[in-house]
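Trainee: I have a structure open and a few things I'd like to go through. Can we start with a single residue and work outwards?

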Amino acid sequence: MVNAIFVTGTAGSGKSLLTSRLLQWYRDTGAYPTTLNLDPGAVTLPYEPDIDIRNYIDIGTLMESYGLGPNGALIMASDLMATRLDEIQQEVDEANPDYLIVDTPGQIELFAFRASGPYFISNLQADNKATVFAFDGTLVSSPINFVSISLLASAVKLRLKTAQINVLTKRDLVIERLKDILDWAASTQALESALSGEKDAEYSLLSKDLSRSMTRAGFAPGLVAVSSTTMNGLVNVAAALARTLNQGEDG
């Protein structure tokens with residue numbers, strides 16, 4: 001049985017490092033995980049991918065062949081990703097892992113908001129699927145920023161249409177704000193109280209309205225905090241994934 005885990009999030013949120021830690025976790029617990037790198041622009045990775053989109057799509061070649069700059073080449077590469085699904089599926093089938101951990105492109109908009117990403121997730125054959133959205137701890141240490149990233153996480157869930165677990169990365173870097181951030185994720189009241197303390201009343205009110213709308217729609221974030229440096233919290237991420245993959249629940 002193949003369980004596919006798609007690791008998403010903003011650029012620099014620690015997706016690749018989290019992918020490497022999940023790979024290590026599953027290996028250490030006796031499972032057979034396989035990694036799939038879907039970022040054609042990745043220069044270095046903290047793990048050795050078992051399946052790699054860079055074997056099929058080369059950014060340098062696209063730039064040279066079509067006269068594109070780096071951004072244009074990344075957009076084209078993202079669109080071409082879907083055309084390589086059959087080859088990637090064959091590699092996945094041959095590996096037949098317990099867990100397929102998919103490291104998505106650094107620029108979330110290239111994967112979630114263009115047609116190729118949702119198509120790829122929808123058509124990749126796996127028994128169970130889940131998405132991990134990485135909340136960058138260094139970006140959500142203020143309540144307004146927290147609401148902004150929560151809104152992005154909700155948009156990604158809408159686009160990718162899979163059960164989603166929200167993970168707070170870099171917990172070791174925001175340890176002084178960790179309790180506040182987790183409180184905001186768990187309680188609308190705590191978040192609104194924090195927003196009331198913001199100096200800009202207009203953006204405070206807008207953030208409150210957005211937060212209430214997401215809660216009513218069932219998009220309240222709910223966060224699992226993890227440090228990919230110390231591995232602190234990884235057991236909780238694995239437990240949330242197990243619940244989601246095995247029971248089809250949102251983490």
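Trainee: Is D183 buried, partly exposed or exposed?

Mentor: This is a predicted model, so take each value as computed from it. D183 has a relative accessibility of 29%. Buried would need under 20% and exposed over 50%, so D183 counts as partly exposed.

Trainee: Which helix is D183 in?

Mentor: Helix α8, which covers residues 178-186.

Trainee: And what does the D183 side chain make a polar contact with?

Mentor: With the side chain of K179, at 2.8 Å. As a general point, an α-helix has 3.6 residues a turn, so residues three or four places apart point the same way.

Trainee: How far is D183 from L223?

Mentor: Their C-alpha atoms are separated by 9.4 Å, while along the chain the two are 40 residues apart.

Trainee: New topic. At what angle do α7 and α10 pack?

Mentor: Two packed helices are described by the angle between their axes and the distance between the axes. For α7 (residues 143-160) and α10 (residues 201-216), the angle is about 35° and the axes are 10 Å apart. The crossing is left-handed.

Trainee: Which residues meet there?

Mentor: From α7, they are I144, V147, S150, L151 and S154. On the α10 side, they are Y203, S204, S207, L210, S211 and M214.

Trainee: Now aromatics. How many aromatic pairs are there?

Mentor: The count is four, taking rings as paired if their centres lie within 6.5 Å. One of them is Y26 with Y99. The ring centres are 3.9 Å apart and the planes are at 10°, so this pair is stacked.

Trainee: Which parts does that pair tie together?

Mentor: Y26 lies in helix α1 (residues 15-28) and Y99 in strand β4, so the pair ties together parts 73 residues apart in sequence. Both Y26 and Y99 are buried.

Trainee: What about F133 and F135: stacked or edge-to-face?

Mentor: Edge-to-face, because their planes are at 80°, with the ring centres 5.5 Å apart. F133 and F135 are buried as well. They also belong to one aromatic cluster, together with F146 and W184.

Trainee: Back to the backbone. What is the phi of N96?

Mentor: N96 has a positive phi of about 50°, although it is not a glycine. It sits in the loop between α4 (85-95) and β4 (99-103). M231 also has a positive phi, of about 75°, and is not a glycine either.

Trainee: Where is M231, then?

Mentor: In the loop between β7 (223-225) and α11 (234-247). At 25% relative accessibility, M231 counts as partly exposed.

Trainee: Which residue caps α2?

Mentor: D58 caps the N-terminal end of helix α2 (residues 59-66). A side-chain oxygen of D58 lies 3.3 Å from the backbone nitrogen of G60. Just after α2 comes G67, with a positive phi of about 65°.

Trainee: Last one. E48: buried or exposed?

Mentor: Exposed, because its relative accessibility is 67%. E48 lies in the loop between β2 (33-37) and β3 (51-52). The C-alpha atoms of E48 and S20 are separated by 8.7 Å, and the two residues are 28 apart along the chain.

Definitions and conventions
Residues are numbered from 1 along each chain as its sequence is written. This is a predicted model: local features need pLDDT of at least 70, side-chain atom pairs count only at pLDDT 80 or more; totals for chains, interfaces and linings use all residues. Side-chain values use heavy atoms; hydrogens and water are left out. Helices (H or I, at least four residues) and strands (E, at least two) are DSSP runs, numbered from the N terminus. Buried means under 20% relative accessible area, exposed over 50%, partly exposed in between (1.4 Å probe, protein chains only). A polar contact is a pair of N or O atoms within 3.5 Å; within protein, one must be able to donate a hydrogen and the other to accept it, and residues adjacent in sequence count only if both atoms are side-chain atoms. Axes are lines fitted to C-alpha atoms, for helices over the stretch in contact, and angles run from 0 to 180 degrees between N-to-C directions. A crossing is left-handed if the near helix is turned anticlockwise from the far one by less than a right angle, and right-handed if clockwise. Contact means heavy atoms within 4.5 Å. Rings of Phe, Tyr and Trp (its six-membered ring) pair if their centres lie within 6.5 Å; planes under 30 degrees apart count as stacked, over 60 as edge-to-face and the rest as tilted.
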